[in-house]
Amino acid sequence: MCAHVLVAEDDEMQAELIRRSLLAEGHTATVVHDGAAALDAARRLGPDLVVLDLMLPVVDGFGVCRVLRRGDPEIPVLMLTARSDEDDVLLGLELGADDYMTKPYSPRELMARIRTILRRSGRSAAVREEPAVIAAGISVDPVRHEVRRDGEPVEVTPAEFQILLTMAGEPDRVFTRRQLLQCTRGFDRSSTERAVDVHVMNLRRKIESDPRRPVRLVTVFGVGYKLSGGRP
């Protein structure tokens, strides 16, 4: 299926290149050039994905991402950044971005990232006939794209959803950061395993009674993480 992608990029040549690439992929695109316009378009149009440049005028990409997450926690966000500072990237992930690309990038790789995010988010992919996966009191429903903690709905980002779906499928198995990174991104040429730590930290705030003393999403020191508690 095609998706409606909101492109927030102040460089008009870059924005047009992204727009044409999206059209060639069968998607529709709305292009804006500042953060305030991005927030207005997201509210009015409800896009399936936001491609978000960090260095936007009026409201920067961090501010846009923060507001988007309050309004629609499940909308996928792909950040574009000219910054090489890892702390900036991690801040974007902490705010709820699902993926990022560092400029300069190839349009083909950008489209591949977009396909991966859309497929994993369920926004434009065909619905799979799969039952909900339940482990450690957490229910992950790949059909409805819903997460519940002890029966109560939990709002998660697409990347967080994929981490929970992967771990709930094999409860008590220890996953390395690299394995969790691959399940959320599909590939990781410009990624960092520290991004997984950010997603885990955000998930603990949502599924743990005390995120500082997790009992569900547990650290296995020197290895990675596991969803502890098994199946019901």
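**Glu160 and its surroundings**

A polar atom of the Glu160 side chain lies 3.0 Å from the backbone nitrogen of Thr157. A polar contact is a pair of N or O atoms within 3.5 Å; within protein, one must be able to donate a hydrogen and the other to accept it, and residues adjacent in sequence count only if both atoms are side-chain atoms. The model is predicted: local features need pLDDT of at least 70, side-chain atom pairs count only at pLDDT 80 or more, and totals for chains, interfaces and linings use all residues. Residues are numbered from 1 along each chain as its sequence is written, and side-chain values use heavy atoms, with hydrogens and water left out.

- Glu160 belongs to helix α6, which spans residues 158–169; helices (H or I, at least four residues) and strands (E, at least two) are DSSP runs, numbered from the N terminus.
- Glu160 has a relative accessible area of 2% and is therefore buried (buried means under 20% relative accessible area, exposed over 50%, partly exposed in between, with a 1.4 Å probe and protein chains only).
- Leaving aside neighbours within four places in sequence, Glu160 is in contact (heavy atoms within 4.5 Å) with His199, Asn202, Leu203 and Lys206.

**Helix α6 against helix α8**

- Two packed helices are described by the angle between their axes and the distance between the axes.
- Helix α8 covers residues 194–207, and α6 packs with α8 at an angle of about 80°, the axes being 10 Å apart. Axes are lines fitted to C-alpha atoms, for helices over the stretch in contact, and angles run from 0 to 180 degrees between N-to-C directions.
- The two helices α6 and α8 are therefore roughly perpendicular to each other (angles under 35 degrees count as roughly parallel, over 145 as roughly antiparallel, 65 to 115 as roughly perpendicular and the rest as oblique).
- Ala159, Glu160, Ile163 and Leu164 of α6 make the contact with His199, Asn202, Leu203, Lys206 and Ile207 of α8.
- The residues of this contact between α6 and α8 divide into 5 nonpolar, 2 polar and 2 charged. Ala, Val, Leu, Ile, Met, Phe, Trp, Tyr, Cys and Pro count as nonpolar, Asp, Glu, Lys and Arg as charged, and the others, Gly among them, as polar.

**Two further helix pairs**

- Helix α1 (residues 12–24) packs with helix α5 (residues 107–121) at an angle of about 60°, with axes 10 Å apart, which makes α1 oblique to α5.
- In this pair, Leu17, Ile18, Ser21 and Leu22 of α1 meet Pro107, Leu110, Met111 and Ile114 of α5; the contact of α1 with α5 has 7 nonpolar, 1 polar and no charged residues.
- The axes of helix α2 (residues 35–45) and α3 come within 9 Å and cross at roughly 20°, which makes α2 roughly parallel to α3.
- Gly35, Ala38, Leu39 and Ala42 of α2 make the contact with Val64, Val67 and Leu68 of α3, and these residues of α2 and α3 divide into 6 nonpolar, 1 polar and no charged.

**Helix α4**

- Asp88, Val89, Leu90, Gly92 and Leu93 are the buried residues of helix α4 (residues 86–94).
- These buried residues of α4 pack against α3 (61–71), β4 (77–81), β5 (99–102) and α8.

**Val174**

- Val174 lies in the loop between α6 and β10 (175–176) and is partly exposed, with a relative accessible area of 29%.
- Val174 and Ser228 are 54 residues apart along the chain, and their C-alpha atoms are separated by 9.3 Å.
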